Amino acid sequence: DSTNGTQFGSPREKEPSILQNHSALQGVSLFNVDRSVKGVDQDPPIRNNKMCPKTQREQLLTAETVQLTSNEEQQTQQPKMGLVEKWNGDFEALSKTNQLVLLSVSMFFFFGVHNILQEAIINVPGFEHGVMLGYFEVLAVTICSYCERTCIRKETGRTAPLGAYPLLTACLMTSSGLSNMALNYINFPTKVVFRSCKLVPTMIVATLMNKKVFSSAEYLCAFSVCMGLVMFTTADWQLTPSFNPIGLVLVTTSVFADSILPNAQERIFKSGASRLEVTMFTNFFTLIAMTISTLASGDLIGAVEHALRDDQLLFYIIVYTSISYVAISSYMAIVKRFGGVVAICLTTLRKVMTLVLSFMLFPKEFSWYYVGGAGLVLGGLFAAAMIKQKKRKEMEQQETKPLISGDLERGDDASVSSVQSSSSVRSSSSAHSSSTR
């Protein structure tokens with residue numbers, strides 16, 4: 001029986017069996033697809049293990065239509081889910097562009113409000129305690145840096161010795177106190193321009209103490225800054241009735257103290273202390289010293305009594321104190337995430353915005369000497385900062401450049417010195433950023 005009509009049967013006898021089995025398999029496969037899509041649980045109608053070709057085509061078309069519809073729905077819903085995920089409160093989930101925009105808007109807004117309130121407080125009738133503006137800033141930074149260090153960063157203890165902080169305290173107290181005290185003698189734009197000019201005293205100190213030689217471009221930038229200061233001071237002297245040279249002496253002294261502060265902080269950073277540790281302890285000791293000095297001078301009691309009598313002044317002081325640390329933190333976040341070049345550009349624009357808002361919101365006598373002086377100062381500072389950033393980048397490239405065998409055989413220590421120089425520059429930069437206010 002096995003040899004009759006099964007293996008050796010005629011083709012006409014064998015063909016129906018092959019077609020029949022093939023159709024049966026197709027019917028089962030198509031039914032499975034259709035059932036998975038439509039959720040059909042009943043068996044398909046099969047007659048004699050065959051399916052009608054028309055039924056097969058209809059099931060194929062139905063399956064393809066359902067699949068296309070499902071894909072379209074997924075594509076339509078996917079962007080909506082992306083938008084929900086983008087704005088779920090996670091800052092890190094945003095793109096770099098959106099992060100930069102948010103941080104820049106935050107920095108411009110909070111620094112703008114901070115500077116407007118600073119000038120508004122000085123213009124309050126009868127308020128002659130400019131040194132208290134620096135006191136309120138130090139108070140805010142002390143409290144906020146302590147909360148950030150203990151609650152967010154979970155830092156405890158102290159790495160740097162206490163003996164390293166008296167110099168930092170003296171520099172910060174001089175820088176913050178005298179610059180705000182100068183507002184009793186000069187107008188706010190002059191103070192802003194002079195406070196921006198740490199380039200000149202830094203170059204003077206480096207030349208006298210370290211015998212450092214700068215490039216011709218850096219000397220040209222310093223000359224531009226000096227000429228801008230002369231023009232700005234001339235305009236202030238001619239147009240401001242309350243102008244007093246004592247204000248220039250105070251703000252210049254504060255700039256020199258501010259230029260020493262990063263160099264003093266660099267030593268503490270090398271000992272392994274974090275930025276938050278140095279910021280908190282420096283401002284804490286400065287707060288103690290300023291509390292004693294303002295109590296002795298009567299400025300602390302006088303400012304408190306005036307604020308209790310004037311509700312508007314009290315409101316200005318509370319807001320001014322509250323947003324100081326937020327503005328500084330926004331700037332620090334830009335430096336950390338996007339580098340010095342972006343921070344330099346935004347800082348220059350912020351100072352331009354501060355000068356423009358000062359003349360718009362607090363009307364003053366206008367002179368083109370203000371425009372020319374501000375252009376020379378800010379342009380020179382921007383060019384000098386870009387030159388410094390270029391040098392820093394070159395040092396970092398030398399640091400990461402691999403040594404060749406010939407250098408090792410000759411005992412060439414050029415790469416070692418470049419590493420030390422680059423490390424010093426980075427420490428100085430982070431120290432300068434911590435005293436950006």
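Guide: Let us begin with helix H6, where Phe188, Pro189, Thr190, Lys191, Val192, Val193, Phe194 and Arg195 are buried. This model is predicted.

Visitor: What makes helix H6 count as mostly covered?

Guide: Helix H6 spans residues 188-195, and eight of its eight residues are buried. To be called buried, a residue must have under 20% relative accessible area.

Visitor: How many helices and strands does the protein have?

Guide: The protein has 15 helices and zero strands. It contains 437 residues, of which 40% count as buried, and it exposes about 25000 Å², with carbon and sulfur atoms supplying 62% of that area.

Visitor: Why is Thr169 called buried?

Guide: Thr169 has a relative accessible area of 9%, and the limit for buried is under 20%, so Thr169 is buried. Thr169 belongs to helix H5, and, if its neighbours within four places in sequence are set aside, Thr169 is in contact with Thr282, Phe285, Thr286 and Ala289.

Visitor: Why is Lys154 called exposed, and what is its phi?

Guide: Lys154 has a relative accessible area of 60%, and exposed begins over 50%, so Lys154 is exposed. Lys154 sits in the loop between H4 and helix H5, and its phi is near 60 degrees, which is a positive value in a residue other than glycine. Most residues other than glycine have a negative phi.

Visitor: What makes Pro241 count as exposed?

Guide: The relative accessible area of Pro241 is 84%, and the cut-off for exposed is over 50%, so Pro241 is exposed. Pro241 lies in the loop between helix H8 and H9, and its C-alpha atom is 9.8 Å from that of Tyr185, although the two are 56 residues apart in sequence.

Visitor: Why does Asn263 count as partly exposed?

Guide: The relative accessibility of Asn263 is 40%, and partly exposed lies in between the limit of under 20% for buried and that of over 50% for exposed, so Asn263 counts as partly exposed. Asn263 is part of helix H9, and a distance of 9.8 Å separates its C-alpha atom from that of Thr202, which is 61 residues away along the chain.

Visitor: What makes Val326 and Ala383 count as partly exposed?

Guide: The reasoning uses the limits of 20% and 50% once more: Val326 is at 34% relative accessibility, so it counts as partly exposed, and Ala383 is at 31%, so Ala383 counts as partly exposed too. Val326 has its place in helix H12, which covers residues 311-361, while Ala383 is in helix H13, which covers residues 368-400. Val326 and Phe110, 216 residues apart in sequence, have C-alpha atoms 7.0 Å apart, and Ala383 and Glu218, 165 residues apart in sequence, have C-alpha atoms 8.3 Å apart.

Visitor: What share of the contacts with a separation of 6 or more comes from residues 24 or more positions apart?

Guide: Such residues account for 84% of those contacts.

Visitor: How do you know whether H10 and H11 are roughly parallel or roughly perpendicular to each other?

Guide: H10 and H11 pack at an angle of about 80 degrees, with their axes 5 Å apart. Angles of 65 to 115 degrees count as roughly perpendicular, and H10 and H11 are therefore roughly perpendicular to each other. The contact involves Thr291, Thr294, Leu295 and Ser297 of H10, together with Asp299, Leu300 and Ile301 of H11; three of these residues are nonpolar, three are polar and one is charged.

Visitor: Which residues touch the most other members of the largest nonpolar core?

Guide: In that core of 45 residues, Ile121, Met132, Tyr135, Leu229 and Leu313 touch the most other members. Helix H4, residues 131-152, gives the largest share of the core, six residues. Leu313 touches Ile121, Val124, Phe127, His306 and Ala307, if residues up to four places away in sequence are not counted. Another core lies apart from this one and has 14 residues, among them Tyr325, Tyr331, Ala343 and Leu346.

How values were computed:
Residues numbered from 1 in each chain as written. Predicted model: local features only at pLDDT ≥ 70, side-chain atom pairs only at ≥ 80, totals over all residues. Heavy atoms only, no water. Axes fitted to C-alpha atoms, helices over the stretch in contact; angles between N-to-C directions. Helix = DSSP H or I, 4+ residues; strand = E, 2+ residues; numbered from the N terminus. Parallel < 35°, antiparallel > 145°, perpendicular 65-115°, else oblique. Contact = heavy atoms within 4.5 Å. Nonpolar A, V, L, I, M, F, W, Y, C, P; charged D, E, K, R; others polar. Core = buried A, V, L, I, M, F, W, Y, C linked by side-chain atoms within 4.5 Å. Buried < 20%, exposed > 50% of the residue type's maximum accessible area, 1.4 Å probe, protein only. Areas by Shrake-Rupley, 256 points an atom, 1.4 Å probe, with all protein chains shown as cover.
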